[in-house]
Amino acid sequence: IRVFVTGGIELDGLVDEHQLEWRADLDRGPNVLSLPIAARRLGEGRLIAVVEHEGRQRTIEIDLIVKEPTVSPT
């Protein structure tokens with residue numbers, strides 16, 4: 001499993017790390033991976049996850065936009 005982040009996005013707790021790779025045993029059926037991300041600056045960013053298993057590869061790409069928080073009137 002490889003995860004890449006670009007732009008103002010970071011994996012929470014991993015400051016200045018833009019790539020992470022590890023091996024894991026996958027069970028047959030659905031597998032869920034929780035990735036806490038943090039927005040560090042305004043602008044565009046992307047999270048890419050690549051999973052390789054038994055000679056096959058699946059890539060998931062998510063485009064993210066970090067905007068100024070809006071304050072609702074009370």
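Modeller: A residue is called buried under 20% relative accessible area, exposed over 50%, and partly exposed in between, with a 1.4 Å probe and protein chains only. Glu54 has a relative accessible area of 67%, so Glu54 is exposed. This is a predicted model, in which local features need pLDDT of at least 70, side-chain atom pairs count only at pLDDT 80 or more, and totals for chains, interfaces and linings use all residues. Residues are numbered from 1 along each chain as its sequence is written, and side-chain values use heavy atoms, with hydrogens and water left out.

Colleague: Where is Glu54 found?

Modeller: Strands (E, at least two residues) are DSSP runs, numbered from the N terminus. Glu54 belongs to the loop between S5 and strand S6 (56-66).

Colleague: What should I note about phi?

Modeller: Most residues other than glycine have a negative phi. Glu54, although not a glycine, has a positive phi of about 50 degrees. Asp16 also has a positive value, with phi near 65 degrees. Asp16 sits in the loop between strand S2 (9-11) and S3.

Colleague: Why does Asp16 count as exposed?

Modeller: Asp16 counts as exposed because its relative accessibility is 58%.

Colleague: How many bridges join S1 to strand S5?

Modeller: Six bridges join S1 to S5 (residues 43-53), and these strands run antiparallel. The bridge partner of Thr6 in S5 is Arg46.

Technical notes:
Two strands pair if DSSP finds at least two bridges between them. Helices (H or I, at least four residues) and strands (E, at least two) are DSSP runs, numbered from the N terminus.
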